[in-house]
Amino acid sequence: MAPSTNSNISSDTSRNTVLFERARALIPGGVNSPVRAFKAVGGTPRFVQRAQGAYFWDADGKRYIDYIGSWGPMILGHGHPPVVEAVQKAVLEGFSYGAPTEREVELAEEIVKLVPSIEMLRLVSSGTEASMSAIRLARGATGRSKIIKFEGCYHGHADALLVKAGSGLATFGNPTSAGVPPEVVQHTLVLEYNHIAQLEEAFALHGSNTACLIIEPIAGNMNFVRASVPFMKRCRELCTQHGVLLVFDEVMTGFRVALGGAQSVYARSIPGFKPDMTVLGKVIGGGMPLAAFGGTRAVMEQLAPLGPVYQAGTLSGNPVATACGLATLREISKPGFYEALGERTRSLVSGLTRVAAQAGIPFCGDSEGGMFGFFLMEKLPQNYATVMTTDSPAFNRFFHAMLDKGVYYAPALYEAGFVSSAHTAEDIEATVEAAAQFFAGR
Ligand SMILES: *Cc1c(COP(=O)(O)O)cnc(C)c1O
């Protein structure tokens with residue numbers, strides 16, 4: 001990797017620095033969600049002033065090509081006119097009623113049409129809420145307590161999901177956050193992603209007591225790691241065999257990697273493939289707080305007010321958020337949308353790979369639809385432990401060099417990246433050229 005230009009706090013961040021100081025005085029770490037704080041990469045977070053299309057401008061008026069897109073939701077880029085119009089119209093009709101609306105029905109109909117495994121769903125306000133509720137429902141529907149998750153997959157910050165692997169398959173997980181009592185995670189078994197033998201062993205031991213297996217089918221919270229087709233096939237078989245609900249956390253991948261989500265990608269290789277439940281968020285809100293969980297009718301009917309599993313929300317199905325989500329879904333349903341987005345994203349990954357190779361830098365990457373990841377290593381990792389062997393000082397130098405050149409990647413090596421339909425071929429070329437300059441030590 002090329003030498004550092006030590007740009008951690010460059011002179012052009014002055015107003016960002018002032019704002020960060022003010023923020024830190026009142027908001028823990030100066031941010032309302034931890035990864036925004038640049039703790040992993042060092043330096044001062046950029047305070048965003050405005051955004052349009054594929055770009056945002058920071059507090060100093062500097063422009064960046066945005067490869068975060070609010071961590072996935074902004075699949076159409078910022079300020080896409082039909083979405084803005086829908087939101088403006090909705091705002092004039094009222095912000096929130098706490099009573100049902102037609103748009104909630106329309107959005108539910110749209111989601112059920114696009115994701116065939118979902119027969120019924122409920123709207124909520126965040127991915128955390130959706131996966132937490134999906135797990136309660138899975139437990140309520142099966143009458144079982146244990147859940148299986150995988151190391152490196154993130155499902156929001158509900159207590160039972162903030163867990164890392166215990167010392168063996170017989171011992172359940174350990175909390176990854178203070179404030180989570182060990183008793184709260186005693187039913188959460190954490191396994192290695194893509195490890196079929198361990199999965200089989202876990203089901204043999206605990207399958208009959210397990211309510212659900214929750215997985216990010218293409219993990220975007222340990223950079224970008226796909227579940228292999230044989231692994232996913234085995235997850236499906238074992239869940240079916242043991243009466244365990246297979247829960248796809250598609251908060252990130254839903255409407256992002258394909259119109260039908262990652263499940264439609266696996267269904268190409270595994271005929272008839274379907275999860276039992278799906279968790280959605282990010283893109284379905286188009287940038288507004290909106291998420292959902294859904295699944296088979298039999299399971300979803302266990303939810304209050306029909307069934308015994310309680311779940312509720314004051315702002316659930318918010319009229320402005322549903323307007324934004326619906327308008328977004330309509331735009332991405334247009335013919336050819338994902339072909340073009342996938343092609344653009346692939347051109348970014350292949351461009352970066354090419355210039356890294358020219359400079360003799362170990363580099364590899366992968367993408368699906370508008371989601372991508374790259375690694376400063378020779379070969380794509382298959383699990384969290386391997387992702388974490390990345391040379392993080394090298395990543396941090398890359399991140400800051402790109403930031404200086406006006407390219408905004410996720411400020412941590414364990415995050416995926418996102419391309420929107422607003423990114424042009426010129427944006428991709430400029431990005432690849434910036435990377436080429438860095439790799440060449442310029
Ligand atoms: C972002 C994310 C969540 C959490 O969603 P929030 O809206 O941030 O609560 C859950 N699961 C996955 C896979 C995510 O990427």
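**Figure 1. Salt bridges in the predicted model.** The structure holds 15 salt bridges, and the model shown here is a predicted one. Side chains of opposite charge can pair when their charged atoms come close. Two groups of such contacts are shown in the next views.

**Figure 2. A network of salt bridges links Glu-200, Lys-233, Arg-234 and Glu-237.** Glu-200 and Arg-234 form a salt bridge in which the closest N and O atoms are 2.5 Å apart. Glu-200 belongs to helix H5 (residues 196-206) and Arg-234 to helix H6 (residues 229-242), so this pair ties together parts that are 34 residues apart in sequence. Arg-234 also forms a salt bridge with Glu-237, where the closest N and O atoms are 2.7 Å apart. Arg-234 and Glu-237 are three residues apart in helix H6, which separates them by about one helical turn. An α-helix has 3.6 residues a turn, so residues three or four places apart point the same way. Glu-200 is partly exposed, with a relative accessible area of 32%. Arg-234 is partly exposed at 22%, and Glu-237 is partly exposed at 33%.

**Figure 3. A salt bridge joins Asp-366 and Arg-226.** The side chains of these two residues meet at 2.7 Å, N to O. The pair links distant parts of the chain, 140 residues apart: Asp-366 is in strand E15 (residues 364-368) and Arg-226 is in strand E11 (residues 225-226). Asp-366 has a relative accessible area of 17% and is buried. Arg-226, at 25% relative accessibility, counts as partly exposed.

**Figure 4. Seven strands form an open sheet of mixed pairing.** The strand order is E4-E14-E13-E12-E9-E5-E8. At the edges are strand E4 (120-124) and strand E8 (188-191), each of which pairs on one side only. From one strand to the next the twist averages 20°. Helix H3 (residues 102-114) packs on the sheet and touches E4 and strand E13 (277-280). The direction of helix H3 makes about 125° with that of E4. E4 runs antiparallel to strand E14 (residues 291-295), and five bridges join the two. In this pairing, Leu-121 stands opposite Gly-294 in E14. Strands of a sheet pair through backbone hydrogen bonds, either parallel or antiparallel.

**Figure 5. Strand E12 is largely enclosed by the rest of the structure.** Six of the six residues of E12 are buried, which is why the strand is described as enclosed. Leu-245, Val-247 and Asp-249 point one way from E12, while Leu-246, Phe-248 and Glu-250 point the other way. Strand E9 (residues 210-215) runs parallel to E12 and is joined to E12 by four bridges. Ile-215 stands opposite Phe-248 in E12. E12 also pairs with E13 in the parallel sense, again over four bridges. Here Val-247 stands opposite Met-277 in E13. Between E12 and E13 the chain passes through helix H7, and this β-α-β crossover is right-handed.

**Figure 6. The buried residues of helix H7 pack against several strands and a helix.** Helix H7 spans residues 261-269, and its buried residues are Gly-261, Ala-262, Gln-263, Val-265 and Tyr-266. The elements they pack against are strand E10 (218-219), E11, H6, strand E12 (245-250), E13 and E15.

**Figure 7. Lys-282 lies in the loop between E13 and E14.** An unreviewed UniProt entry places the feature "modified residue: N6-(pyridoxal phosphate)lysine" at Lys-282. Lys-282 is partly exposed, with a relative accessible area of 24%. Leaving aside residues up to four places away in sequence, Lys-282 touches Trp-71, Pro-73, Val-251, Met-252, Gly-287 and Leu-290.

**Figure 8. Four strands form a further open sheet of mixed pairing.** The order of the strands is E1-E2-E3-E17. Strand E1 (48-52) and strand E17 (407-408) are the edge strands, and each pairs on one side only. Four bridges join E1 to strand E2 (residues 55-58), and these two strands run antiparallel. Val-48 stands opposite Asp-58 in E2.

Methods
Residues numbered from 1 in each chain as written. Predicted model: local features only at pLDDT ≥ 70, side-chain atom pairs only at ≥ 80, totals over all residues. Heavy atoms only, no water. Pairing = 2+ DSSP bridges. Axes fitted to C-alpha atoms, helices over the stretch in contact; angles between N-to-C directions. Contact = heavy atoms within 4.5 Å. UniProt positions renumbered as here; feature names shortened; annotations may be inferred. Buried < 20%, exposed > 50% of the residue type's maximum accessible area, 1.4 Å probe, protein only. Salt bridge = Lys/Arg side-chain N within 4 Å of Asp/Glu carboxyl O. Right-handed = clockwise from strand over helix to strand, strands pointing away.
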